[in-house]
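Welcome! Please take a look at the sequence and the 3D structure below, and then we can walk through some local features together.

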Amino acid sequence: MRYLIPFLLLATPLLAQDKTGPAIAALESGVICPPESTGTRPAPDTVAGITNVIVDEPPFVSTVNKVPAVMGIGFGVKAMSESAFGIDNVTMTITHPPMGDGRAKSQSFQTSISGVDSSITFYQFDYEYELLPGTWTMTATDGDEVLYTTSFQVVPPNQVPELAAICNFEELLS
């Protein structure tokens, strides 16, 4: 799983599958081809136990909510806080079909949302056990307040071959 600390981006428009609360000024979701990780952070409430940190902010290669279930593909959210001070200690919860030995249906980790520019948080398929078709939902909360929620449909790669191929994963389509 990938985690990204806030990066500078332009505010982007809200997409139909996204729902935001009043603390969020801008939100965009989509599919990414993530860059290399520069390290990890502990994430005890995830199946892997860590999240990866990246330096370079990846662009969305698609802003649809269909994600091919192939290794390396990522999907996530770029958000900006309504407050110029941003929001620290945001809990990102990702719900998904049951995975891993414990059949986990959700994972969570800490992040933050900038109030100056957009911040990105995303999930990347790093392990075979993560390649689960179905609905994946990302929900950001600050205490009891839901900041935003968005859902993605993870599908077999042959249902969206143009997205599986965009990150050079064509060999996974055969």
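In which strand is the place of T95? T95 sits in strand β9. Keep in mind as you read that this is a predicted model.

**T95 and its surroundings**

- T95 is partly exposed, because its relative accessibility is 33%, which falls between the 20% limit for buried and the 50% limit for exposed.
- Leaving aside residues up to four places away in sequence, T95 touches K105, S106, T135, W136 and T137.
- The C-alpha atoms of T95 and Q107 are 6.6 Å apart, although these residues are separated by 12 residues along the chain.

**The disulfide**

- A disulfide is a covalent bond between the sulfur atoms of two cysteines.
- The count here is one disulfide, formed by C33 and C167 with their sulfur atoms 1.6 Å apart.
- The two sulfur atoms count as a disulfide because 1.6 Å is within the 2.5 Å cut-off.
- The link of C33 and C167 is left-handed, with -80° about the S-S bond.
- This pair joins distant parts of the chain, 134 residues apart: C33 is in the loop between β3 (24–32) and β4, while C167 is in the segment after α1 (161–166).
- Are the two cysteines buried or exposed? C33 counts as partly exposed at 25% relative accessibility, whereas C167 is buried, with a relative accessible area of 11%.
- C167 is called buried because its 11% is under the 20% cut-off.

**A nonpolar patch on the surface**

- Which residues form a nonpolar patch on the surface? They are V47, Y127 and Y129, and together they have about 230 Å² of accessible area.
- V47 is located in the loop between β4 (39–42) and β5 (50–53).
- With a relative accessible area of 35%, V47 is partly exposed.

- N89 is a residue other than glycine, and its phi has a positive value near 55°.
- You can find N89 in strand β9, which covers residues 87–99.
- N89 is exposed, since its relative accessible area of 60% is over the 50% cut-off.
- R103, also a residue other than glycine, has a positive phi near 55°.
- Look for R103 in the loop between β9 and β10 (104–113).
- R103 counts as exposed at 51% relative accessibility.

Terms used:
Residues are numbered from 1 along each chain as its sequence is written. This is a predicted model: local features need pLDDT of at least 70, side-chain atom pairs count only at pLDDT 80 or more; totals for chains, interfaces and linings use all residues. Side-chain values use heavy atoms; hydrogens and water are left out. Helices (H or I, at least four residues) and strands (E, at least two) are DSSP runs, numbered from the N terminus. Buried means under 20% relative accessible area, exposed over 50%, partly exposed in between (1.4 Å probe, protein chains only). Patches are made of residues with over 30% relative accessible area and no salt bridge: like charges are joined within 9 Å, nonpolar side chains (Val, Leu, Ile, Met, Phe, Trp, Tyr) within 5 Å. Accessible areas come from the Shrake-Rupley method with a 1.4 Å probe; for residues, only the protein chains shown count as cover. A salt bridge is a side-chain nitrogen of Lys or Arg within 4 Å of a carboxyl oxygen of Asp or Glu. Contact means heavy atoms within 4.5 Å.
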